[in-house]
Amino acid sequence: VQAVVNELQGEKVDIIPWSEDTPTFIVNALIPAEVSKVVLDEENGRVEVVVSEDQLSLAIGRRGQNVRLASKLTELDIDIISETEEVNRRNQEIKERSILFAEALDVDDVIAHLLAGEGFETVEDIALVPIEELITIEGFDEEVAAELQERANKYLKEESEKSQKACKKLGVSDDLTSLEGMSWKIAAILGENDIKTRDDLADLSGGELVEILGSNMIDENTANDIIMRARAHWFEKEEDSA
């Protein structure tokens with residue numbers, strides 16, 4: 001190490017212990033800041049690092065140099081937030097999901113809050129989860145779990161029918177609604193944003209699709225996959241004309 005320092009004419013060199021475990025490597029890269037939690041989203045190439053209030057500026061570094069270095073080393077987008085921010089955000093998310101579940105499933109606030117607190121994010125989650133997982137929630141038995149799933153499926157069916165009617169009213173084309181990975185709900189939202197054909201969708205970027213639908217409905221990787229499927233017929237035409 002000293003030889004390297006001498007070669008750099010005394011410039012300070014930071015040594016970061018390597019680890020194949022990405023969260024551990026990120027923690028090492030942010031030393032001397034103490035990290036409380038690392039949430040890794042490999043699918044979207046993002047990481048959320050949670051630190052205490054007194055460690056926030058240290059983790060970010062002067063003009064953001066620490067977090068930029070960690071991002072460069074890991075080739076991931078890193079967002080550093082305080083523990084208070086995380087708690088406030090989680091409380092807000094639980095509140096919003098509780099309202100959704102109370103309305104969609106016609107249940108009281110206690111049951112809705114229990115579902116949200118257990119990590120269920122959508123009505124689809126409740127409809128599709130194995131009933132055994134619902135039974136593990138305190139106060140839920142098999143009868144309650146079965147009733148919740150029945151209500152969830154009924155709600156999803158009604159919403160799908162509403163979206164299907166909306167698509168027809170908006171003039172959304174069959175080539176868009178029949179695209180693999182497309183739901184009636186997504187198609188209806190696209191139609192409301194004047195995206196009514198497969199070509200309209202193909203002209204978008206993945207980021208633009210996420211912006212239209214919201215990150216709670218679709219992540220960027222899934223959006224990119226849908227966009228590429230929408231563009232597939234372009235490449236087929238090129239091959240036919242070649």
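Here is a walk through the structure, from its domains down to a few single residues.

What you have is a predicted model, in which local features need pLDDT of at least 70, side-chain atom pairs count only at pLDDT 80 or more, and totals for chains, interfaces and linings use all residues. Residues are numbered from 1 along each chain as its sequence is written, and side-chain values use heavy atoms, with hydrogens and water left out.

Let's start with the overall layout. The chain is assigned domain 1 (1–86), domain 2 (88–158) and domain 3 (171–240); bounds like these come from an automatic or database domain assignment. Between the C-alpha centres of domain 2 and domain 3 there are 29 Å. UniProt, in an unreviewed entry, lists residues 43–156 for "domain: K Homology". Such UniProt positions are given in the numbering used here, with shortened feature names, and the annotations may be inferred rather than shown by experiment. Over residues 43–156 the chain is 64% helix and 11% strand, with 27 Å between the end C-alpha atoms. Helices (H or I, at least four residues) and strands (E, at least two) are DSSP runs, numbered from the N terminus.

Now find the sheet. It is an open one of 3 strands, in the order E1-E2-E3, with mixed pairing. Strand E1 (35–41) and strand E3 (77–82) are the edge strands, each pairing on one side only. From one strand to the next, the twist averages 20°. Two strands count as paired if DSSP finds at least two bridges between them. In general, strands of a sheet pair through backbone hydrogen bonds, either parallel or antiparallel.

Both kinds of pairing turn up here. E1 and E2 run antiparallel and are joined by 6 bridges, while E2 and E3 pair in the parallel sense, over 6 bridges. Arginine 46 is a handy landmark: aspartate 41 stands opposite arginine 46 in E2, and in E3 the bridge partner of arginine 46 is aspartate 77. Valine 47, for its part, stands opposite isoleucine 78 in E3. The hairpin of E1 and E2 has 4 residues between the strands, and there glycine 45 takes a positive phi near 65°.

How enclosed is E2 by the rest of the structure? It is largely enclosed, because 5 of its 6 residues are buried. Buried means under 20% relative accessible area, exposed means over 50%, and partly exposed is in between (1.4 Å probe, protein chains only).

Two packed helices are described by the angle between their axes and the distance between the axes. Axes are lines fitted to C-alpha atoms, for helices over the stretch in contact, and angles run from 0 to 180 degrees between N-to-C directions. The axes of H2 and helix H4 (residues 65–74) come within 9 Å and cross at roughly 145°. Phe25, Ile26 and Ala29 in H2 meet Ala70, Leu73 and Thr74 in H4, where contact means heavy atoms within 4.5 Å.

Proline 32 lies in the loop between H2 and E1, and the peptide bond from isoleucine 31 to proline 32 is cis, with omega near 20°. What touches Pro32, Ala33 and Glu34? That would be glutamine 55, not counting residues up to four places away in sequence. Glutamine 55 is found in the loop between strand E2 (46–51) and helix H3 (56–60), and is buried, with a relative accessible area of 13%.

Glutamate 86 is another buried residue, with a relative accessible area of 18%. You'll find glutamate 86 in helix H5 (residues 83–105), touching Lys37, Val50 and Ile81, again not counting residues up to four places away in sequence.

Finally, two aspartates deserve a look. Aspartate 106, in the loop between H5 and helix H6 (109–117), has a positive phi of about 55° although it is not a glycine. Aspartate 106 counts as exposed, at 63% relative accessibility. Aspartate 194, in the loop between H11 and helix H12 (198–202), has a positive phi of about 65° and is not a glycine either. At 57% relative accessibility, aspartate 194 counts as exposed too.
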